[in-house]
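User: I am new to this structure. Please take me through it in short questions and answers.

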Amino acid sequence: MKPVLTKVFGRQPLGTVFAAPYALFLALVFAYPLGLAVWISFHDYFFAAPGAQVDRPFVGLDNYTNVLGDPDVQRAFFNVGVFLVINVPLTVVLSLVLATALNSVTRGRTFLRVSYYVPYVTASVALVAVWLFLFSQGGLVNDLLGPLAPSPSWLVNSKAAMPLIALFVTWKQMGFFILLYLAALQGVSKDLYEAASIDGASRFRSFMNVTVPGVRAATTLVVILATITGANLFTEPYLLTNGGGPDGASASPVFVMYQKGIEQGNPDTASAIGVILVVLVLAISLVNRRILERD
Amino acid sequence: MRRTFLTTSVAVLALGVTAACGSSSGSGEARSASGPIKVWLSNNPEEIAWGKAMVKEWNAEHSDQKVTAQEIPAGKTSEEVIGAAITAGNAPCLVFNTSPAAVPQFEKQGGLVPLDGFSGGKQYVEDRSGDQAEQYQSPDGKYYQIPWKQNPVMIFYNKDLFKKAGIDPANPPLKTYDQFLATSKKLVDSGSAPAAIAPAPSSEFFQSWFDFYPLYAAESGGKQTVEDGKATFDDTAGKDVWNFWAQMYKDGYTPKEKYDGDSFADKKAAMAVVGPWAIAVYKGKVNWGAVPVPTKTGMDASEVHTFTDAKNIALYSACKNQKTAWNVLKFATSKDQDNKLLETTGQMPIRKDLATTYASYFSSHPDYRLFADQASRTVEVPNVPNSVEIWQEIRDNFSSAVIFGKTSVDDSIAKAADAADKLAKK
């Protein structure tokens, strides 16, 4: 009898009991919707009233072939690719540099930490209003740039819109990633910096040869988290560039999912986009992990 | 590791499949049931005032069939909230803000009750709205909405800014496209306003109702974008309208960037595309005048059609006391309540002979007379499957060719019409 119980509940049944509520929470809010989304993506599905007699036939890969052949979807994946290429490296470099600088300052440390963290905890809607004030046609940035201001202006310029969103998100999320790096920096032995100093290493060399390898695990986490949050980009194209504008130049896959799934009542094609996005993010994260954690 | 991954994946899929296969019970016989009901009102203050007064009147006479009214819960759009409520099975009995464009989708979801099913239902709808009712009939010939009230879209202009630009504010030259362009040039070149007119250049599917569609309704003599299952707008009228707006954007009379506020009230634009709701909104803020939307050759005002910008009432299938809901619907759209709606909101009930039925109102409110006349020549969005998707196709192609000038008008309008043809047949 005992081996069976051990098999079911493990060697520490109490641990299983403690973990169970969270496992249940994950099953309900993560596994269930994900499984449902996968199921929906293989059917001709739409949301219906309870009790309504509706036919939802299995359609195989039809939804996938439809979305993969849709130029709007292709464009959205390309756009988010541009976003990630700008956002992820910028996030890693700036967060690490600022965290290192913050780690070494002694005066005004708390003020600086709060300053970096404020955009992260402020609602996107409020921050978008500030950026609209800065980057709109008659905004502060164009006033300062004068004749050097881009034409068309930032938010309606198909070349500038996505890079601007990437910059916005980098700035907004930076506080969180700086905190991750600050925590990781506490684990880098001071002896290593002293040894580097005795060997005559400059501050830059010391940063490259001690700090960067010392926080490698944190870098892996930052890259993966920035990739995941970046791939889920929605609020900024929705609000800052008025619905993925100009002319779809900043539309993201999640924005297209919203249009198709919620506005147009096609959750089947929206789910197919979602599943493709999950698979791509998983693949990118695995590749990142392999590259960043290799010795 | 691999085994754990596989087990987790199977569990995730199994959960989803189990959920998807879950069946729900039927709604039962609610059509003949009476009792308390819930209704949702739009969040417009004037409509809430009318709605609450209407409910109070009903409740005073029907203590056993009490109506509880509330604003539509907050969401990105009313249609998303209503769609979610239908799926969840907790939609109210009546929504006094049902967009005609969303009706095909709600109908497909099984969320609406055909009004024809009630004794004299069809007759009531057609007697009240006359010929205009036909536009609200679904492809199966039934009415899933009652045409309630409309805001015929016209061109509002700021008389002070026109005067400043040296344009006669009493008779502004805005009838033809050429006149409209020349007037816009004067307004912008004189520095009277940064923009002549500023319809939202954003990508939402409904934005075409306030730039392309009113002008297309006028230019085509009252055509809908899809008729008899086929797109109509890839014609001379459609191309003329797209080319007109393309010129407005190209010449900088219409901004490509959305203004974060009310450009007309803030005097950032000298004109606006609005309905009669705007009379109360701009009262005391803007010295305004109104004219019909322009046409290529300057059609006589008495022939100009425009977009309805209507909001209707629908009865939702989650309603347990549908008989009461139907009676409340009739009460709320009675001649007396329509009069109160007109007086409280300035919006036009979709009634035949509106101007003569409420002649005393229009004689004491001359500002609204022009809109009452326009109300008899309005075009609704077509009641076809995939309506929202069709409007999104139109919007995306319009944005590309007209607002941002990336593609040719001829190619984009043909592309949008082709997509509309396919979607309307789906």
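What follows covers confidence, domains, chain contact and helix packing.

User: What kind of model is this, and what ipTM does it score?

Analyst: This is a predicted model: local features need pLDDT of at least 70, side-chain atom pairs count only at pLDDT 80 or more, and totals for chains, interfaces and linings use all residues. Residues are numbered from 1 along each chain as its sequence is written, while chains are lettered from A and ligands numbered from 1 in the order in which they are written. The model has pTM 0.89 and ipTM 0.87.

User: Which residues of chain B have pLDDT under 50?

Analyst: pLDDT is the predictor's confidence in each residue, from 0 to 100. For chain B its mean is 92, and 93% of the residues reach 70 or more. The stretch under 50 has 31 contacts beyond four places in sequence, and it covers residues 1–27 of chain B.

User: Which helix of chain B gives the largest share of the side of domain 1 that touches domain 2?

Analyst: The assignment for chain B gives domain 1 (37–144 + 311–349) and domain 2 (154–308 + 383–425). Between them, 15 residues of domain 1 of chain B are in contact with eleven residues of domain 2 of chain B. Helices are DSSP runs of H or I with at least four residues, numbered from the N terminus. The largest share of that side of domain 1 of chain B is three residues, from helix α4 (residues 103–108) of chain B.

User: Which helix gives the most to the side of chain A that touches chain B?

Analyst: The contact takes 37 residues from chain A and 41 residues from chain B. In chain A, α2 (13–41) and α13 (253–263) each supply at least two residues of that side. The most, ten residues, comes from α2(A).

User: What classes of residue make up that side of chain A?

Analyst: Ala, Val, Leu, Ile, Met, Phe, Trp, Tyr, Cys and Pro count as nonpolar, Asp, Glu, Lys and Arg as charged, and the others, Gly among them, as polar. On the side of chain A that touches chain B, the classes are 22 nonpolar, 13 polar and two charged residues.

User: Is α2(A) parallel, perpendicular or oblique to α14(A)?

Analyst: Axes are lines fitted to C-alpha atoms, for helices over the stretch in contact, and angles run from 0 to 180 degrees between N-to-C directions. The angle between α2(A) and helix α14 (residues 267–293) of chain A is about 120°, with the axes 8 Å apart. Angles under 35 degrees count as roughly parallel, over 145 as roughly antiparallel, 65 to 115 as roughly perpendicular and the rest as oblique. Therefore α2(A) is oblique to α14(A).

User: Which residues of α2(A) meet α14(A)?

Analyst: On the α14(A) side, the partners include A:Pro267, A:Asp268 and A:Ser271. By class, this contact has six nonpolar, three polar and one charged residues. From α2(A) come A:Ala37, A:Val38, A:Ile40 and A:Ser41.

How values were computed:
Domains from an automatic or database assignment. Contact = placed C-beta atoms within 7 Å.
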